[in-house]
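The structure comes below, followed by the notes.

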Amino acid sequence: MKKNTIYGLMAEFSTAEQLLDAAHRTSGAGYRRIDAFSPFPIEGLAEAVGFHGTRLPLVVLLAGIAGGCAGFFLQYYGAVTSYPINVGGRPLNSWPAFVPITFELIILFAAGGAVLGMLAMNGLPTPYHPVFNVPRFALASRDRFFLCIKARDPMFDLEKTKRFLATLNAREVSEIEV
Amino acid sequence: MAQIFHHSTNTIARVSIYGAVLLLLLLGYTVDVVNNSSYVTEVHNARPQPVPFSHKHHVGELGLDCRYCHASVEVSSSAGMPPTQTCMTCHSQIWTGAAMLEPVRASYRDSVPISWTRVNAVPDFVYFNHSIHVAKGVGCTTCHGPIAEMNITWRQESLYMRWCLECHNAPENYLRPRSEVFNSFYRAPKNQQELGLRLMKEYKVQKLTNCTTCHR
Amino acid sequence: MADSPTDKLAQHSLAVPIIGPGHDYASVTDKISHIVLSRKPPKWWILGFAAAFALVMLLLYSITYLFAVGVGIWGIQIPVGWGFAIINFVWWIGIGHAGTLISAILLLLRQQWRTSINRFAEAMTLFAVACAGIFPLIHMGRPWLAYWLFPYPDTMKMWPNFRSPLVWDAFAVSTYATVSALFWFIGLLPDLATLRDRSKNRAAKIIYGFLAMGWRGSAVHWYRHETASLLLAGLATPLVLSVHTIVSLDFAFSIVPGWHATIFPPYFVAGAIYAGFAMVLTLSIPVRKLFGLEDFITMRHLDNMGKVMLAAGLIVGYGYMMEAFSAYYSGNPYERFMIMNRMGGPYAAVYWFLVACNIVTPQFLWSRKVRANVGALFTIAMVVNVGMWLERFIIVVTSLHRDFLPSSWGMYYPTRWDFATFFGTIGLFVALLFLFIRFLPLISIFEMRALVNEEDKKAAD
Amino acid sequence: MATENKNGGRPDVDIATLRHSAREGNTPRFWRGLDELAGTPEFRDHAENEFPHGANDPNATLDRRELLKVMAASAAFAGLTGCTKLPTQTIVPYVREPEQIIPGKPLFYATAVTLGGVATGVLVESHMSRPTKVEGNPDHPGSLGASDSFAQASILGLYDPDRSRAEVHDGRIGSWPEFQTELTAALAAAKITGGSGLRLLTQTITSASLAAQIRKFLKAFPSAKWHQYESVGRDNVREGARIAFGEYVNAVYRLNRVEVVLTLDSDFLTSGPGSVRYAREFAAKRRVDGAESIMNRLYAVECTPTNTGAMADHRLRMRASEIESFARALAREIGVSAAAGPGSSSSAPAEWIAAVARDLKQHAGASLIVAGDQQPPVVHALAHAINQKLGNFDKTVYFTQPIEESPIHQWESMGELAADIRAGKVTTILILGGNPAYDAPVDLGLRELLPKVKFSARLGMHEDETSVLCHWHIPQAHSLESWGDARAYDGTITVMQPLIAPLYEGKSEHDFLAALNGQAEKPSHDIVREFWLAQKTGIPRFDAFWEKTLRDGVMAGTAFPAKQVSLKLGIGEQPPAARPQGLEIVFRPDPTIWDGRFANNGWLQELPKPLTKLTWDNVAMLSPKMAQRLGLKSEDAIELKYEGRTIVAPAWVMPGHADESVTVFLGYGRTRAGNVGSSAGFDAGWIRPYATPWIGAGLEIRKTHQKWALAATQTHNSMEGRDLVRVATLDEYHKNPKFAQADVVKNPLSLYPEVKYEGYSWGMAVDLNACTGCGSCVVACQAENNIAVVGKKEVMIGREMHWIRIDRYFEGDLDDPKTYHEPVVCMHCEDAPCEVVCPVMATVHSPEGLNEMIYNRCVGTRYCSNNCPYKVRRFNFRLYSDWDTPSLFGMRNPNVSVRSRGVMEKCSYCVQRINAVKIEAEKQDRSVRDGEIVTACQQSCPSEAIVFGNINDPNSRVSKMKAKNLNYSLLEELNTRPRTTYQARLRNPNPEIEKAAAV
């Protein structure tokens with residue numbers, strides 16, 4: 001019954017190397033629901049906590065294609081279908097002139113896709129999050145590195161996990177309330 | 001570190017994002033609705049007039065021809081508004097006492113013109129010519145609506161450029177035989193399409209969509 | 001052998017690191033965030049901002065009067081239908097390119113020295129674009145109808161003319177503004193989190209917390225964040241090139257001698273980089289001094305920027321030469337007259353002054369000593385800023401004022417209102433920058449941490 | 001009537017309210033911005049006025065309307081609906097509909113406009129009984145359907161808001177009845193003495209009916225005197241005739257029979273009686289087509305460059321005072337006995353004279369000598385003698401009785417009047433029209449004398465310099481407001497009918513004289529009609545005759561018959577007076593303002609002077625050599641001292657002007673012209689003494705160190721070696737008929753498929769060989785298309801709005817260049833550079849090949865103008881159109897939008913006329929006939945230089961013109977494929993002289 005009041009356990013480290021190493025050992029120990037927090041991106045850390053690849057590039061590609069089509073057909077419709085007018089003796093479908101706007105819209109849509117996609121996949125915005133309950137977590141945006149094993153993890157057992165984390169020579173291990 | 005935000009803010013945050021998007025779409029939609037509302041277009045707004053002249057009575061019931069009052073419609077850009085004189089041709093004999101008609105008599109007596117409220121108006125930079133439309137088989141009611149049923153005249157169409165172009169792009173959908181132009185009870189036949197196309201050939205109707213047709 | 005020139009060079013570049021010694025995660029974090037979180041702004045900040053703000057008021061005043069009376073208050077006429085408004089537009093847009101270039105292209109090129117300058121370079125970009133964006137709008141005879149340049153279902157069934165470079169402009173500039181804003185914000189996200197966690201007072205916590213969207217530095221988030229930044233960089237690079245290409249097409253697309261030239265796109269882009277880096281230098285030099293950031297924006301940065309400027313300057317110089325050459329080589333009498341008129345006509349002085357600013361001055365950058373001398377660098381950057389404005393003046397005015405029919409030739413004299421509007425936008429630009437350095441970290445903190453990490457690694461092995 | 005007033009958002013007008021508000025005097029300034037001229041017009045300084053606290057800049061302060069505009073703008077920003085909702089309007093129909101008037105259809109009435117009494121027949125377009133446009137009357141001998149710029153601008157004179165609106169009595173508002181009582185009193189007093197103290201001062205009068213009234217008056221007052229005066233009169237012409245023939249006669253030329261013309265300081269092509277017709281006949285003789293075609297030849301000997309000189313095949317510049325000597329020398333060459341003039345050979349090379357004489361003799365009977373109005377009488381006499389010797393009488397020139405009702409020496413007449421007043425002989429003076437206080441010879445001191453007269457009344461359109469010196473000022477009716485009649489250059493009579501009731505209840509000269517004759521109540525219509533009824537007793541059905549006369553605009557068979565004249569012997573045998581020494585000064589009427597009567601006419605003020613391209617100013621013109629000698633540049637303010645009087649004037653260096661001679665132009669420096677004309681230019685009349693009305697010597701020039709900024713619409717005069725105007729001599733043309741098409745691109749390359757134009761496709765051809773550069777087309781266009789006047793300051797910046805401009809280029813020797821005129825309208829390029837760059841499709845192409853400009857779509861980026869190689873586009877940088885002055889609303893063409901601030905505009909080929917004609921044709925189920933559509937510029941052109949029509953129809957005039965091998969398009973190499981093309985200019989030089997010049 002304690003479980004559902006606890007989000008997980010948080011171990012604090014002082015260097016990136018320690019955290020990375022700890023993360024490897026944790027997943028090595030069979031923990032699956034783990035997460036690591038660092039003040040800057042650390043190579044390999046994501047993989048270490050069991051994350052494999054993102055679909056973001058695909059989203060961007062699709063968005064870009066969508067933008068391109070929208071861009072060109074908007075112009076085609078306006079200039080050829082909706083209200084055809086002779087402008088300076090140029091053909092109605094002067095497609096070379098339509099290129100720039102098409103291109104701009106590709107970029108616009110793709111960029112939008114990248115940003116919104118990233119936020120959405122990261123589940124942001126989440127102003128409230130249990131990890132913020134850990135008093136020292138504020139340092140995660142400064143110079144401290146944290147490893148978190150969530151209570152949802154099948155292997156999670158408050159005492160055992162605490163002990164396990166202690167073996168990772170964390171500076172400190174604390175509980176995260178929900 | 002203590003939480004800055006309450007648990008609920010997560011939901012609020014997400015909702016507000018979708019909300020913003022929705023709001024934008026809604027705004028655009030509203031603008032469109034307002035633009036086409038009778039508030040802006042005056043469509044179907046019966047305008048109060050100094051004399052409650054009823055086209056229903058004069059055209060619908062008495063069967064006056066449009067040209068009796070709008071005399072210059074076939075020769076001039078303007079259809080022409082009847083001088084008080086025209087009203088008095090009849091109303092010096094009938095309804096001579098009608099209170100309703102006092103402004104007309106007054107106008108005739110003191111030769112002070114009646115100022116009617118304009119019902120169908122286009123902006124000043126639009127140069128519309130009645131005579132050519134009439135000559136090419138565009139009926140009065142095509143633009144002015146069921147005039148024979150209007151007690152107080154209202155505007156039937158928005159008179160937006162978009163609306164003008166509907167006909168200028170596809171006259172065949174609207175043309176009628178010249179003989180029917182002033183027929184206020186005309187109903188388009190089943191075969192309007194082919195009739196229209198035939199009339200276009202016959203009357204040499206062009207699809208004039210270039211700007212100086214109306215703007216100079 | 002330690003004295004082989006390559007080694008010397010290596011030593012040199014090592015001697016001047018991209019981050020001062022003795023810094024760790026905490027120190028960089030605190031030093032940078034302190035600028036923002038300190039209670040009172042320094043005196044020079046208040047004075048500077050006040051001055052800038054006064055100019056912003058001047059801008060508002062001139063724009064109000066402009067809308068009331070019409071563009072007739074400017075010096076423009078027939079044949080010179082475009083004046084300061086367009087000159088300023090192109091100038092600002094040019095400046096607005098450095099930021100994205102630095103953060104995007106240098107990111108793709110894995111140039112670490114970009115780290116400490118990319119943040120405010122990007123900010124500068126945004127503000128420059130904001131200033132630029134004002135001009136196409138207000139230079140219209142009927143600015144309140146500007147929205148007609150964008151396609152939307154209207155009651156007239158009319159569409160913009162998608163063949164017109166001005167419409168391309170509208171799309172390009174607005175896209176550019178949007179994308180660089182997004183790029184900037186993404187980069188800010190982790191630092192906002194830092195500020196959220198560092199700030200003492202509740203209001204600041206809430207505001208920064210709100211902006212940080214609850215960033216918590218999770219490894220997975222970092223992973224996607226990096227992917228997104230990389231993708232954006234990949235998108236921004238062609239974008240930034242396309243934008244100034246399109247701006248140049250505003251001219252190249254026409255038939256005006258002096259505008260109608262195929263060299264314009266590359267030559268404008270080079271000009272943009274040139275102007276952009278000049279402006280970054282003009283800003284970073286005082287900033288690092290005032291905030292004592294010499295450790296983060298080191299001589300190495302200034303040196304590199306000097307080199308980039310020199311390179312860009314040479315390309316621009318080449319552009320000028322090709323303009324003259326192709327005018328002569330084309331054998332087209334109008335083109336030939338145009339170039340002769342530039343060099344010897346009523347505006348010749350401006351032209352030669354521009355050559356002095358943009359081609360002669362940067363040559364000093366060949367010398368390492370000059371690049372190592374902050375004062376010299378600053379001066380050169382300033383001169384180039386002026387020069388780039390003059391370049392646009394020459395392109396716009398001298399091409400128009402004497403084109404095909406001598407009967408219609410005329411002279412263009414700017415009025416006070418032209419200047420008021422121009423300086424007004426400079427005020428706006430500076431004001432926005434001041435607000436930025438006061439309320440947002442002007443150096444990307446998390447990237448600095450990463451840098452510290454790198455340096456440590458280097459030190460380790 | 002208001003239903004039809006659909007023009008550019010201006011409120012509906014009805015004349016009543018218009019007149020009312022006018023009388024209230026609450027009509028604001030004429031055109032916004034004009035009074036910016038106040039203070040120093042130094043160009044850079046205009047920046048000063050760009051600041052709101054520049055009190056002299058009306059655009060500077062935020063007035064109510066501008067504030068509203070800002071609000072409107074922000075509203076438009078806020079909600080897109082802001083601009084779509086139309087305000088509620090009202091329709092005001094007639095009570096009783098006048099016959100003829102069909103709402104929306106213009107009517108045309110024939111009448112005439114006069115200058116110096118000489119009538120040019122016109123047809124006036126009237127919309128809902130508002131005259132809006134003046135056209136030439138094809139049936140009128142002096143017009144043949146064309147008109148000059150003065151006639152075109154007269155419509156603005158009618159609606160001029162500065163016209164006087166009330167009787168003024170010693171500075172207080174009076175009334176017509178009040179005046180009549182005083183008048184009758186004054187006349188009663190005069191009656192006793194038979195009117196010995198009574199003086200009537202009029203301008204030149206050719207109106208028989210008016211003259212009859214005057215004579216009636218003079219009969220009643222036998223010892224009263226009638227004076228006539230015009231400061232730009234034709235005394236020398238008349239006196240010349242008297243010397244030659246012993247009587248006043250009127251010379252009429254037949255240019256259509258002339259092969260060789262020699263002008264002696266005369267601008268017969270663009271000024272003076274009959275010039276409109278002469279220009280046409282002259283041009284007709286220059287049209288060449290094919291190999292063996294021939295041309296007439298024009299020699300011009302002149303001091304001040306004129307349009308005629310610009311057209312000349314040989315132009316000899318010579319001080320005005322030496323032209324007499326030239327005439328004498330030539331006379332002797334021809335065989336007329338004449339004493340040698342002093343120093344005749346000095347500036348007239350003998351071989352030149354010989355060659356000309358030979359040429360003239362070869363074309364005896366087909367040649368013509370024309371002397372200029374400003375030349376002394378003897379020169380005219382000599383010209384007559386030479387013409388007679390050459391047997392030109394009754395062939396190329398014939399004589400009639402004078403068209404003036406009472407030809408006199410007006411200059412002397414004014415002299416007597418002044419003398420009489422000074423001698424206190426004058427108790428009552430009645431001044432009809434004119435403006436003697438401004439333009440009488442300065443040393444007569446009329447300004448001091450007039451107030452001395454006990455009772456003085458003045459009938460005038462404006463309350464001007466003269467009015468303020470008279471006890472009474474009576475507002476005069478405009479000629480388009482009143483009944484009358486006048487004679488054309490050949491005597492033909494036009495009965496003038498009013499187009500509109502007098503806006504300000506003005507009185508016509510007829511009304512005024514009727515009052516003098518005690519029939520004040522008699523309508524002028526009756527006066528005129530009864531007069532002619534009495535004249536035409538022979539005519540059976542007078543009503544029909546009268547009807548016809550009014551409809552046609554000419555009274556049939558009233559042209560004077562040729563009159564036998566006998567030349568006196570020994571003309572010019574008495575040796576000429578010794579030529580006065582010293583610097584020469586020449587007085588000339590201003591090309592657009594004339595003697596100052598048009599000073600308040602914005603159109604004419606802004607109409608560029610044909611050769612200087614100056615607007616809003618007159619200048620002191622001198623030759624480059626002389627300027628160099630005195631170290632003067634154009635726009636230097638210089639002090640002119642002549643006969644003890646000095647005046648400051650802007651110098652203007654004029655290529656082609658005679659050396660050691662200065663020309664000053666009259667008509668400027670008005671002090672009470674109105675908001676437009678006052679304080680523009682300098683008053684050359686101030687140094688114009690009684691003794692030397694035209695040509696004097698002994699001028700002194702002092703350079704001041706001020707500048708006098710001038711507004712020229714063209715500042716660069718060389719073609720820079722670009723073949724913009726293509727010229728060849730007739731021989732060269734015969735050798736190489738296709739010279740004009742040397743560099744025609746056969747199949748121009750294009751990435752895009754060519755657009756096919758079926759049906760109509762409109763085009764224009766401009767004949768540079770015919771264009772005299774008179775500028776009538778410019779004003780016509782301005783009137784037809786509601787083009788705004790912008791004022792001197794804006795012109796100086798380069799913002800004039802004319803849709804058609806006449807480029808003027810100099811070629812060759814700076815001192816004596818060749819001059820070419822080239823009218824430039826929109827080229828309506830098939831591949832228009834302007835269209836592609838417009839972001840909002842505000843300028844696009846019609847299926848008939850028109851380059852359309854849609855004001856209401858324009859957002860004003862000005863990109864189109866930048867990209868127009870012909871620079872024919874005009875931009876409303878400020879609110880130039882006057883949306884405030886009610887009296888101007890009535891003048892506007894209801895079929896053309898009045899442009900507002902911030903939009904581009906340009907020549908539309910008069911699309912409103914095209915549409916009108918097409919609609920009529922469609923209704924009659926036929927296609928448009930050639931010549932049915934006439935553009936405003938084409939219609940007004942005296943020399944038929946402009947032809948418009950359907951280029952898809954091979955038989956149309958325009959197609960035939962374009963088929964000629966003289967045809968070329970401007971800037972062809974740009975491949976814009978213009979619809980407007982040009983016919984190359986041809987010169988027909990005398991081989992002898994050409995050879996001599998070559999050596």
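Between chain D and chain C, 33 residue pairs are in polar contact, both residues being at pLDDT 80 or more; a polar contact is a pair of N or O atoms within 3.5 Å, where within protein one must be able to donate a hydrogen and the other to accept it, and residues adjacent in sequence count only if both atoms are side-chain atoms. This is a predicted model, in which local features need pLDDT of at least 70 and side-chain atom pairs count only at pLDDT 80 or more, while totals for chains, interfaces and linings use all residues. Residues are numbered from 1 along each chain as its sequence is written, chains are lettered from A and ligands numbered from 1 in the order in which they are written, and side-chain values use heavy atoms, with hydrogens and water left out.

**Interface of chain D and chain C**

- Chain D contributes 71 residues to the contact and chain C 64 residues (contact means heavy atoms within 4.5 Å).
- The two chains bury about 5900 Å² between them, with 61% of it on carbon and sulfur atoms; buried area is the accessible area (1.4 Å probe) that two parts lose on being put together, summed over both.
- The rule finds 1 salt bridge across this interface, where a salt bridge is a side-chain nitrogen of Lys or Arg within 4 Å of a carboxyl oxygen of Asp or Glu.
- D:Lys871 and C:Asp403 meet through their side chains in a salt bridge, at 2.8 Å from N to O.

**Sheet in chain D**

- An open sheet of 7 strands runs in the order β6-β5-β17-β16-β15-β7-β8 in chain D, with mixed pairing; strands (E, at least two residues) and helices (H or I, at least four) are DSSP runs, numbered from the N terminus, and two strands pair if DSSP finds at least two bridges between them.
- Its edge strands, β6 (172–173) and β8 (225–228) of chain D, each pair on one side only.
- Strands β7 (198–202) and β15 (428–432) of chain D pair in the parallel sense over 4 bridges, and D:Leu201 stands opposite D:Ile431 in β15(D).

**Helices on the sheet**

- Helix α6 (208–220) of chain D packs on the sheet and touches β7, β8 and β15 of chain D, its direction making about 170° with that of β7(D); axes are lines fitted to C-alpha atoms, for helices over the stretch in contact, and angles run from 0 to 180 degrees between N-to-C directions.
- Helix α14 (410–422) of chain D also packs there, touching β7, β8 and β15 of chain D, with its direction at about 130° to that of β8(D).

**Salt bridge within chain D**

- D:Arg215 and D:Glu405 form a salt bridge, their closest N and O atoms being 3.5 Å apart.
- D:Arg215 lies in helix α6 of chain D and D:Glu405 in the loop between β14 (397–400) and α14 of chain D, so the pair ties together parts 190 residues apart in sequence.
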